[in-house]
Amino acid sequence: RQNVSAPKNVKDEPRVFIVDDSPVLLQQMQRLLISWGYQVDFTDDAEAATDRILEYKPTIVFIDINMPSLNGFDLIKQIRRQRELASLSLVLVTAENSMTNNFRARWANCRFLAKPRSSSDTPKFRDELRNLLRELAPLSTDTLV
């Protein structure tokens, strides 16, 4: 039996991968996730993302919908075609919080997270992100209720 009080090694914590063409969002999300204790890697190149994900073996992947060259839905199709990634938790992240995007995300067996449109939306985004991660990629410090 594992000693519960032993400090956890960050290497044991869930790996998060982010695909987004916004350097600002990548930086902010990475900083936030690392501060929570996650391992984080990312790319702004959607075309290279599937190979990077296969290498990194994340627990969960956040994907922007609107990106140059390859949109999020096309990237999801690429990821899902990889047998070892078929059951990977995917979350679509977009500023366009529309019913259509929500529906398409669900249809693609993904979760959906709306990007904050203004600084007043940031706390809500953080809460939704944290709840999603607690459910799909819990940290060792997350207590299960």
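Strands β1 and β2 pair in the parallel sense over 5 bridges, where two strands count as paired if DSSP finds at least two bridges between them, and where helices (H or I, at least four residues) and strands (E, at least two) are DSSP runs numbered from the N terminus. This is a predicted model, in which local features need pLDDT of at least 70 and side-chain atom pairs count only at pLDDT 80 or more, while totals for chains, interfaces and linings use all residues. Residues are numbered from 1 along each chain as its sequence is written, and side-chain values use heavy atoms, with hydrogens and water left out.

**The sheet and its strands**

- Five strands form an open sheet in the order β2-β1-β3-β4-β5, and the pairing is parallel.
- Because β2 (39-43) and β5 stand at the edges with a single partner strand each, one side of each is left without a neighbour in the sheet.
- From one strand to the next the twist averages 20 degrees, with angles running from 0 to 180 degrees between N-to-C directions and axes being lines fitted to C-alpha atoms, for helices over the stretch in contact.
- Strand β1 (residues 15-19) is joined to strand β3 (residues 60-64) by 4 bridges, the two running parallel, and V16 stands opposite I60 in β3.
- Strand β4 (residues 89-94) and strand β5 (residues 111-114) also run parallel and are joined by 4 bridges, with V93 opposite L113 in β5.

**Crossovers between strands**

- The chain passes from β4 through helix α4 (residues 99-107) to β5 in a right-handed β-α-β crossover, meaning that, with the strands pointing away from the viewer, the path from the first strand over the helix to the second runs clockwise.
- A right-handed β-α-β unit is likewise made by β1, α1 and β2.

**Helices α1 and α5**

- Helix α1 (residues 23-36) packs with α5 at an angle of about 55 degrees, their axes being 12 Å apart.
- The two helices α1 and α5 are therefore oblique to each other, since angles under 35 degrees count as roughly parallel, over 145 as roughly antiparallel, 65 to 115 as roughly perpendicular and the rest as oblique.
- The contact (heavy atoms within 4.5 Å) is made by M29, L32, L33 and W36 of α1 together with F125, R126, L129, R130 and L133 of α5.
- Of the residues in this contact of α1 with α5, 7 are nonpolar, none are polar and 2 are charged, where Ala, Val, Leu, Ile, Met, Phe, Trp, Tyr, Cys and Pro count as nonpolar, Asp, Glu, Lys and Arg as charged, and the others, Gly among them, as polar.

**Helices α2 and α3**

- The axes of helix α2 (residues 46-56) and helix α3 (residues 72-80) come within 10 Å and cross at roughly 30 degrees, and α2 and α3 are therefore roughly parallel to each other.
- In this pair, A46, A49, T50 and I53 of α2 meet L75, Q78 and I79 of α3, and the residues of the contact divide into 5 nonpolar, 2 polar and no charged.
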